[in-house]
Structures are given as C-alpha cells and as structure tokens.
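I opened this model to look up its fold, its core, its charged pairs and its surface, and I kept the entries below in the order in which I went.

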Amino acid sequence: MGEQLKLIIEQLNREPFKKNFNLITFDSLEPTQLLQVLNDVLAEIDSKHAIDIREEMPEQTVKRMLSVLGLLKYKPPGNMPDVSDFRKGLVTGSKPVVHPILHWLLLRVPELKKRAYLARFLVKLDIPAEFLQDDIINDTFHQYEELVEGFKAYHKECEQLRTSGFSTAEIKKDISAMEEEKDQLLKRVERLKKRVESVSNHHGMLEHARQLRVEKEREEALSLQKQEQKHQLFQAEQRLQRSQQQLKDLQQAAGDASPENLMKKLEEENKINSYMVSEKLPKELEAMRHRVRYLQKMTTEPAMGQADVQELEEKIKEVDMQINQMIDKRMMRSDPMDDKLTLYRQQASIISRKKESKAEELQEAREELASAERELKQKSSQAPAGEEVIRDDELKRLVGKLRSKGTVYKKNRQEIAELKAEYAILQQTEEILKQRHESVQQKLQTVEAEKGISGYSNTQEELEKVSAIKSELDERKGRALGDMSEMVKELNSRIVDQKSALAPVIKELRLLRQTCQEISQEYEEKKAQYESCAAGLESNSSKLEQEVKTLREETANEQNSYHYINSMTAINEMQIQRAAEEMKLYVSSDPQERKKAIREVYMKNIAEQELLGKKLREQQKMVRENHSSNMEQMKMWRDLEQLLECKKQCLIRAQRRASIGQVIQEGGEDRLVL
C-alpha cells in the first residue's frame, strides 16, 4: 500500500497535474478533495469531465465516474466483490476504493486517453427495438453504423501510418531532394535544347524520338497485357483440368445415387443428432453443473489445514474398507443368475462406452471440419481479387521453379563474387598506374622547368583533348541522325509485326473465353449432379459401415461368450472328475487306496506338522530354561580364553627378554636375537 501511495503522489506531482503532494498532505485529504483529485485525473483522460464536483449532485458524480470507469474497463480489486460496497465507497470518497482507481489510471494515462477517444465514436447508441420500426430512424441508425465502421477503418489506417516509420521530416527531405533533381533535370533539358537547336531538322527528330518513346511505352503495355492474358489462360486451363477431373469423379461415383439413400442418410444423421441432444450433451451438461456446484462448495468452505486433510484421508480409507467388505459380501452370496447377467452387463457397458467414444470422435470431426472451413474462408478472403487459392500440384510446380531459380541465383551470386574480386584487383592496378603516372608527370615537369618550357605538356594534352572531343561530337551527330532514322524504321516494322502476331492470339483468346463460359455452365450442372450422387453414396456407405460394425461387434461378443463357456465347461468337467475320483478313493474299502485320497494326505500332513510343532515347542522350552545358565557358562569360557591369551603373551615376552644374543627357532626358522 505504501508503494502504491508513493507512485500515486509521484505521478500527481508531474506534468500535467502539478499537485505538489507529499505522503502527509495526500493522506490528510478529505473525501470531497480526494474525489476532486480523481475527477481531475479523469478530466486529463477525457476533457468532458473537467468540472467541479461541488457544482453537481453526488449521485450524478458517482454515476458519471462509474460510466467512464466502465468504458475504460476498470475492474474493482478482489477484496471487494460486491458492487454495492464499491459504489458506496465511491460515494463517500473512501480511500480503499479511490486509491486503487488512481493507481490504475495513473499507470495507463496514454492508453486510457486513446480508449476514451475511441469510446466517444465507437460506443453505439442503445435505441429500443420499437423505435427502430420507424423507417427514418432505422435508415439513420444504419447510416450511423456505416459511419462507425468507416471511422474504424480510417483509424486503423492512421495507426498503420503512424507505426510504419515514415515521419514528416523524412517526407519533407525527400520532397526537397526531388525538387532539386527536378531543377537539375530542367537545366539539362534546357542545355540539350540549346545544343539540338543548332542541328538542322531538329523538330522532326524530336517528333520521331517522341513517337519512339510512345511506341516503347505501348510495347511495354502490350507485353504486360500479353503476360496477364497468358496467366489468365493458364488459370483457365487449370480450372478446366480440375473441372474435368471432378466430372470424371462424379461420373464414376454416380452409380448408386437414389432418393432412398438420401433419406436413409438423413435418418441416420437425425438419429445421431438426437442421441447427441438427448443423451450425450445432457450428461456433459450435468457433469459440468456438478463440477460447478462442487467448485462453488469448495470456494464457500474455509481453508483446510493439515489436520483436516489427515482426517479426510482417514475417512477415505474407512470408506474404501467398507466398499471392499461390501464387494466381498456380494461375491460370497452371488446368485448364478447374476453371474449370467454380468456378461450381458459388461457387453452393454462396452457398447455404451464405444457409443460415447464414437460420439466424441464425431463431435471432434465436426469441430475440425468447421475450423477447416473457417480457415478456408479466411484464406480465400485474404487472397487478392481475381486469384484462386494455390492447389497442391501448382504449389509443387512453383517449388520446382523456385529451386531452379535458386540454383541460377547461386551461380549468378558466384559470378558476382568473382567479378567483385576482379574489380578489386583492377582498382588496385589502377591506383598503382596512377601513382606511376604522377611520378612520371613530376619528372616531366622538372625537365620542362630545367629546359625553360614549363607547361608545354599540359598545353599539348589540352589541345589533343579538344580535337578529340570535337571529332567525337561530329561522329556522334552523324551516328545519332543515322541511328534515329534506322530506329524509326525498325520501330514501324516491329509495330506491324507485333500487330500481325497478336491478331491470331486475340482471336484464339475470344474463342477460349466462349469455351470457358460454356465449360463453366456445364461444370455447374455437373457439380449439382455430383453433389446429389455424393450425398446418396455417402448415405449408403455410412449405412453399410454401420451394419458391418454392428455385425463385427456381435461376432466378437459371440466369440468371447463361446470361448468363455468352453473354458468354464472344461474347468467344471475337471473339477467334477477330481471330485468323483476323490469320492471313489474315500469310499474305497482298501486302506492303501484310502491313503491316496486328498483328505487322508492332508490329515497326515496336519498330524506331522502338529508333531513337529510339539517338538519345536519342547526345544523352545528347554532353550528358555537353560538360557541363563548357558549364558553364564559362555561368559566364563570367554574370560578363561582371555586369561590364557594373556598368559601366552606374557610367556612370549619373557622368552624374548631371556633369549637376547641367542638363536631361536620358531616355525621352522632360525632367528638371532641381539
């Protein structure tokens, strides 16, 4: 809260507010003064709020502030969920209400200014529906909506221009540079006019040059038109190929189309939709409602501690134990009829689960289809006018062209790199030659100065340059006149050739346009036939798939039940056989045969185990009785062992002391002790 107050005071002390507040003065403001500060901030965002709140009623002030805060999309803090409390705090100028508003507004002043400006024009008027029945009011309202849409478009263009990077200074600089270039071009044109006026028949030459320029422009326009027509022709051929392919597909698929199939398909779709509406969607809605109720219940309950969590875990364990006990009881008193019905229950549950999964898959497929259609519409709307969406084959062709152009680009780039390297070498050679030329010129000037004829070489070079320029100008004049006449003749011949070459192409294009119109009409008719045939085929295929699916499921279920019954029969037969053998052995009068019975074997094992247990208990009793005496005896033996070990060590040490300087034999070895 302290950081919030510091930021509010810091922003209010800056431009354009200049309030000169500190923590004490701002905190000691009265409610009306605090509301006036809030109103000043709102007035900075929107100038129509620049009023004194003492001159209007409190209800009007609160209503005005709430409306502008709603336009600015302000949300009250989380600790104040009730709107009435927020309104009451705003009326009384409560600090916990006004301070967060000031903090939020002062952090976003530029953004909120823009939002308030747009809200002035984009917030539509709320006109009752009964007033819109009037034609004049309805037309005016439509004009108003069109103006709002126009304002949106203009504002968007304005923002794009602002963010495009162009500035007025750069534009002015470009304009001035273009004016300078224009002046230079005008000067050059004037100089060229003066130079051409001295030539005889210059008006005719200028007219020929003008005609040459016009014909060149016309040739470029014709070439562009030719390229466009080629492109349109290529697109028409592509459309024709696609329509022919679609026509073939339709002809192949139009075998079994009939109204009965269409009706069956519609009935199946109706069944699917009715299942979705009556069973699946209500279940999902009920589950969502249950989840919402559960979440609301969780939000209303107080926070849980560790003890509460442990208590809940213990309750869950107790409930699990009760459930397991109930399951055991149910299995113990299970009815044979229930056992027979479990198989059908399992099959019914499996079918219901499969039905739900297929319904979910159908819903996902419909959503994917809708998203694909939206994406297709968006891509087609984004495509330029007169152009179609690129197909797969066209895209592959374009990729191939791009790859070939990429190889050409790499070769050209390599050639450019080689030329740049050669250019660098030539520049270096030119610099070396210039240095040599300068050294030779210096030597020549020194020699001329010694001979007393300084400047002779420069004068001679200038005279040679003037004579060369004069001869070159004469040659240029002669060549220019000849070239112009030849160029005019060549242009006239080219124009005639182009006209004669384009005449059959134009005729072919007219014929192609007529054929294209006829093919498009035929395509529409075939398309309608194809759609009807496709609908019938789809209904037939879906019906057959459904029948095959149900038959496969029935077959699988019957096979499962068959194998289950066979296995249970074999198990029952084995059990009956074992019971018969056991009964035969038990009833037999032969004692040896009786001993082979399972009952006798188990009784014998039980007797042996009881005898073994009796012996072990006696041994345990003896061990317990003798445990204390045995432990004492073991302790005495350990003490005796330690005593003997100690005596042994003492004896070894005494022998070592007594045998110094003697030879001792230990373990087959002789050892001399010094």
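Predicted model: local features only at pLDDT ≥ 70, side-chain atom pairs only at ≥ 80, totals over all residues.

**Entry 1: the chain as a whole**

I began with the secondary structure, which comes to 17 helices and two strands, where helices (H or I, at least four residues) and strands (E, at least two) are DSSP runs numbered from the N terminus. Residues are numbered from 1 along each chain as its sequence is written, and side-chain values use heavy atoms, with hydrogens and water left out.

I then looked up burial: of the 674 residues in the chain, 14% are buried, taking buried as under 20% relative accessible area, exposed as over 50% and partly exposed as in between (1.4 Å probe, protein chains only). The accessible surface of the chain comes to about 55,800 Å², and 56% of it belongs to carbon and sulfur atoms; these areas come from the Shrake-Rupley method with a 1.4 Å probe, and for residues only the protein chains shown count as cover. Among contacts (heavy atoms within 4.5 Å) between residues at least 6 apart in sequence, 59% join residues at least 24 apart.

**Entry 2: the largest nonpolar core**

Which residues have the most contacts inside the largest nonpolar core? I found L12, F26, L38, L72, I101, L102 and L105, in a core of 33 residues; such a core is a set of buried Ala, Val, Leu, Ile, Met, Phe, Trp, Tyr and Cys residues joined through side-chain atoms within 4.5 Å. The elements that give two or more residues to this core are helix 1 (2-13), helix 3 (31-45), helix 4 (58-71), helix 5 (83-92), helix 6 (95-107) and helix 7 (109-122).

I next selected L106, which has its place in helix 6 and counts as buried at 6% relative accessibility. Not counting residues up to four places away in sequence, L106 touches I8, Q11, L12, F17 and V41. L106 and L42 are 64 residues apart in sequence, yet their C-alpha atoms are 9.7 Å apart in space.

I also looked at T61, which lies in helix 4 and is buried, with a relative accessible area of 5%. With neighbours within four places in sequence left aside, T61 is in contact with I53 and E56.

**Entry 3: salt bridges**

How many salt bridges does a search of the whole structure find? The search gives seven, counting a side-chain nitrogen of Lys or Arg within 4 Å of a carboxyl oxygen of Asp or Glu. Side chains of opposite charge can pair when their charged atoms come close. I wrote down three of the pairs.

- R115 bridges to E111, with the closest N and O atoms 3.1 Å apart. The two are four residues apart in helix 7, so about one helical turn separates them. R115 is partly exposed at 27% relative accessibility, and E111 is partly exposed at 43%.
- E207 bridges to R210, with the closest N and O atoms 2.7 Å apart. They are three residues apart in helix 10 (residues 202-253), which means a separation of about one helical turn. E207 is partly exposed at 34%, as is R210 at 38%.
- K434 and E430 meet through their side chains at 3.5 Å, N to O. Because they are four residues apart in helix 14 (residues 392-451), about one helical turn lies between them. K434 is partly exposed at 48% and E430 is partly exposed at 41%.

**Entry 4: aromatic pairs**

I searched the whole structure for aromatic pairs and found three; rings of Phe, Tyr and Trp (its six-membered ring) pair if their centres lie within 6.5 Å, and planes under 30 degrees apart count as stacked, over 60 as edge-to-face and the rest as tilted. The rings of F141 and Y144 have centres 6.1 Å apart and planes at 40 degrees, so I logged this pair as tilted. F141 and Y144 are three residues apart in helix 8 (residues 135-163), separated by about one helical turn. F141 is buried at 14% relative accessible area, whereas Y144 is partly exposed at 23%.

**Entry 5: a nonpolar surface patch**

Last, I looked up a nonpolar surface patch of about 470 Å², made by I598, V601, Y602, M603 and I606. Patches are made of residues with over 30% relative accessible area and no salt bridge, with like charges joined within 9 Å and nonpolar side chains (Val, Leu, Ile, Met, Phe, Trp, Tyr) within 5 Å. I598 has its place in helix 17 (residues 598-658) and counts as partly exposed at 37% relative accessibility.
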